[in-house]
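Have the viewer open and follow along.

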Amino acid sequence: MADVIRQIGSRILRLFGLQRRKWVEVEVNQRLKAIQKNGLGNQKKQALLGKGATNFEQPSRKMGILETYVYHREKYPVKDNMVIWESHGGTGMVCHPLALFREFIKRENFSNWEHVWVIEDAEERARLSAEYKSFPNVSFIARKSIKYAGKMAVAGIIVGNTSLPVYFAKREEQYIVNTWHSLTVKKLGYDQPNGAVISRNIIRSLLSTDLLLSPNQWMTSIFMNSYKQKNIFHGSIMENCNPRVSLLDVPFAEVRMRLASRGILVQSDKPILLYAPTWRDTTTLDDEVERLTHVLEVLKKHAEPLGYQILIKPHHVTFTHLSSSNVEMSNFVPPTIDVNLILGATAILVTDYSSVFYEFLHKKRPILFYIPDLDFYSSDRGLYLSVDDLPGPATKDINEIVNWISDPKKFCDPFSGVAKNMLEESSVGDASISCKAVIDYVFGAARASTFKRNTKRPMLPAPIKMHNIMGGNKKNVIIYGGHFRRNGVLTSLITLLNKADFSTHDYTIFFMNPSTDDKAQIELIEETMQRLPSEVRVIIRIGQRTLLHEEEIALKDAEGGFLEGASLMQNSALKSLSTREFKRCFGDAHFDVAIDYSGYGIFFPLVLISANIKKFIIWQHNDLAADLGNLNKRGAANLQNKTSAAGLMQLYKAADYMVSCTEEIMKVNRSYLSSSENFDRFVYIRNIVDVERVLAGADNTFASLKAPERPIYKVSADRSLHLREVSTVCEEMVYCDNSPFDGSGEALSVTEVTLPSKEDINFVTIGRYSPEKNHIALIEAFSKFNIDRRNSRLYIIGDGSLRREYEQVIARLQLCDRVILTGNLRNPFGLSSLCDCFIFPSLYEGMGLVVLEARLLGLAVICSRFLAVNSVTDADYNLLTGHSADALYAAMKDFADGKVVGEKQFSVDSKNEESVRKFKSLLS
């Protein structure tokens with residue numbers, strides 16, 4: 001009994017972190033003595049100590065979908081003989097999975113497997129359950145259900161045609177078949193606007209795929225390049241494999257029966273005219289309903305008298321909205337009926353940039369293209385094909401479609417050269433070959449229970465062939481970038497990768513979930529994608545982690561520093577959580593080198609460590625003691641729950657290198673975060689300055705009149721002459737952020753910022769609106785200076801959580817027309833180059849990259865004495881000052897008195913080259 005009591009007491013003490021708190025306090029306090037004090041007070045110490053683990057309540061017995069999935073995944077073995085079939089997120093028994101299932105059901109070993117079809121609609125589930133009641137091994141479940149989550153956790157084989165649920169984390173014993181769902185006309189993956197966000201779950205799902213079906217070489221190239229799977233995809237691609245084409249040959253009597261059971265009556269003696277438009281994500285559902293009903297009215301009026309019966313096959317999302325919009329549905333084919341079943345009986349197909357026409361080419365019948373929004377769609381989403389590439393005539397006018405229908409042979413030759421060539425590229429001959437090949441390859445074992453991933457596979461019939469796209473001997477590098485934020489960390493990462501060697505290494509950046517409702521966030525992602533080399537793969541996290549009770553406790557212990565560094569991955573709960581999250585995010589991908597470029601967190605570095613990566617590197621962008629103590633910047637709750645110095649110290653014992661951005665930061669971080677075993681693993685690599693971007697930004701500087709018809713003027717490189725095309729700068733002039741000057745007088749975008757005047761003294765600073773940037777003191781200093789020099793302005797380029805506070809201070813000091821908060825600028829260098837003096841008042845910085853950028857622009861520089869200031873300034877040119885408002889005011893006066901001047905010649909080339917060499921050496 002006494003032993004039991006002692007065990008319980010020990011457990012309680014561990015949960016609350018009392019056993020190790022004294023050790024942590026001693027250790028951290030010793031390190032803190034070496035840290036430079038910078039005005040942030042005792043909050044620093046509180047943050048560094050951490051809080052230890054918390055005794056969380058056990059989860060409710062009635063678990064939700066996520067909890068159910070994780071519980072079954074961790075507690076139950078994989079069922080080798082269970083197959084889950086899913087098309088379009090449970091829309092129906094359609095597409096390639098249906099074609100494969102129809103082939104499999106003919107086989108003797110079909111009964112050896114438990115077949116689970118995912119069907120979201122309850123009425124359709126009931127209908128299918130009745131249809132397959134003679135097959136006791138076939139069942140139907142809803143996708144958004146507890147049962148589905150449990151079965152996904154244990155199914156041996158999963159066959160789908162799009163993407164996996166965001167919470168799915170593949171198990172080693174599971175086998176994923178991704179049949180895909182179409183050839184393509186529309187741009188996909190990273191080729192489309194905002195592709196990294198739109199395609200993130202597809203990319204994640206592809207990385208978990210063991211067998212990927214590709215209808216032809218073109219789609220294989222899309223997977224390799226447009227989805228950037230080359231070098232990282234560990235599955236196999238079965239090319240020239242298009243199973244759903246076999247559905248074109250299903251007897252029309254069966255098709256009629258299926259349509260009739262869903263309320264659509266068609267006659268066997270009348271030809272079908274099918275309108276099958278693609279999904280439009282650029283219009284509202286109400287607009288799409290209005291457009292479809294208009295097309296139906298026109299076709300009924302003009303095509304029905306010619307003997308055609310009209311069917312429309314809308315996207316399943318559109319169909320759902322149609323059915324709830326009081327629209328007569330007798331002509332609209334539901335998503336539970338595969339389009340290929342209808343195509344087999346279709347006389348004329350009217351479509352747009354939907355890929356359904358590829359399958360219809362096999363019938364060698366007329367295809368007409370009605371594309372009313374071609375110009376908009378081409379520029380917005382992007383197309384791989386032009387109108388001239390389509391195997392039929394195309395128009396924006398529905399009346400022209402009606403004219404063509406009246407005599408299709410006159411206007412459309414289904415045997416034309418374009419159609420013939422496209423058919424040859426998309427055809428695999430006998431479509432049944434695809435179905436048989438896949439079933440033999442995946443389910444060829446004599447009994448389901450013998451199935452394993454390494455089962456010997458049968459030979460594939462021609463023309464089907466297998467591809468592996470791993471791509472040679474490149475080392476795979478993954479970089480965890482944290483959250484998408486417009487800051488120096490992101491800038492330095494982009495610049496670093498622009499200097500990377502892609503002949504020897506393949507690079508993936510992983511970012512946390514962005515706010516997709518935030519327009520500025522999406523613009524930042526797009527801007528980042530444009531600035532990165534095209535070879536870099538950006539993967540954006542989707543979904544969230546789900547923790548079991550024991551995992552939650554273990555993670556809190558790790559974050560609080562209450563687990564020994566050597567045992568982080570030996571803790572079974574922590575290992576299961578980290579391994580599962582890696583599988584959820586990256587599937588079967590393998591990386592040789594992992595870099596935590598975020599600099600702070602505990603959880604995702606542990607996720608990377610769990611993948612048996614050969615080299616693990618942590619980047620340190622700041623004085624971590626100062627940053628961890630800056631509760632106003634990071635948020636007290638987030639800091640205390642997610643990061644502590646004690647936790648970082650334990651994590652660092654598992655890392656190969658800790659890389660600081662300057663020598664000074666390396667020394668201070670090493671002083672309180674190192675141990676005897678990793679002291680020498682603290683190194684530094686200076687951030688690289690993107691010289692080309694800075695100088696190009698200064699050269700591409702534009703201004704505009706505020707008038708409604710605003711001409712755009714390019715600002716002269718000679719800052720003494722502000723505008724080439726106007727003699728003086730007037731009050732109606734504003735700075736144009738990143739607007740093109742093409743002589744047309746049109747601006748694509750204008751951020752209205754008051755243009756600096758050469759008659760004024762113009763100070764500028766760049767940095768997020770955050771406490772450590774010390775902007776409040778700068779504003780107060782400028783207030784004093786402006787009393788002396790009324791013809792002065794201060795520009796603060798950036799944005800952040802303190803913007804409202806800045807605005808209140810500016811209003812209180814009556815400086816609204818003198819202190820300009822610009823917000824984030826895509827081209828801050830254009831505005832900076834028009835100013836006279838760059839002033840940087842930060843309390844602390846990792847490096848202060850913007851100071852070097854200002855020196856490149858030839859600006860005079862005033863800089864506060866933060867720890868790493870000597871890495872970015874030159875005592876012969878730049879003025880160093882204190883952090884207080886009085887010190888900054890005195891420095892401004894010195895500039896006005898001519899005591900601070902800009903540098904005529906300044907170069908960072910040698911420092912950049914040294915950093916590139918160090919980075920390459922670090923990875924080797």
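## Glu527 and its partners

Leaving aside neighbours within four places in sequence, Glu527 is in contact (heavy atoms within 4.5 Å) with Arg486, Arg693 and Arg826. Bear in mind that this is a predicted model, where local features need pLDDT of at least 70, side-chain atom pairs count only at pLDDT 80 or more, and totals for chains, interfaces and linings use all residues. Residues are numbered from 1 along each chain as its sequence is written, and side-chain values use heavy atoms, with hydrogens and water left out.

Glu527 sits in helix α22 (residues 519–531); helices (H or I, at least four residues) and strands (E, at least two) are DSSP runs, numbered from the N terminus. With 12% relative accessibility, Glu527 counts as buried. Here buried means under 20% relative accessible area, exposed over 50%, and partly exposed in between (1.4 Å probe, protein chains only). The side chains of Glu527 and Arg486 are joined by a polar contact of 2.9 Å. That term covers a pair of N or O atoms within 3.5 Å; within protein, one must be able to donate a hydrogen and the other to accept it, and residues adjacent in sequence count only if both atoms are side-chain atoms.

Next, two residues that have a positive phi without being glycine: Asn231 and Lys364.

## A helix pair

Helices α23 (residues 549–560) and α24 (residues 572–586) pack at an angle of about 95°, and their axes are 8 Å apart. Axes are lines fitted to C-alpha atoms, for helices over the stretch in contact, and angles run from 0 to 180 degrees between N-to-C directions. So α23 is roughly perpendicular to α24, a label for angles of 65 to 115 degrees. On the α23 side the contact is made by Glu550, Glu551, Ala554, Leu555 and Ala558, and on the α24 side by Ala573, Leu574, Ser576, Leu577 and Arg580.

Mean pLDDT (the predictor's confidence in each residue, from 0 to 100) is 84 for the chain, and 85% of its residues reach 70 or more. Over residues 634–641 pLDDT stays under 50, and the model has 14 contacts for them beyond four places in sequence.

Notes. Angles under 35 degrees count as roughly parallel, over 145 as roughly antiparallel, 65 to 115 as roughly perpendicular and the rest as oblique.
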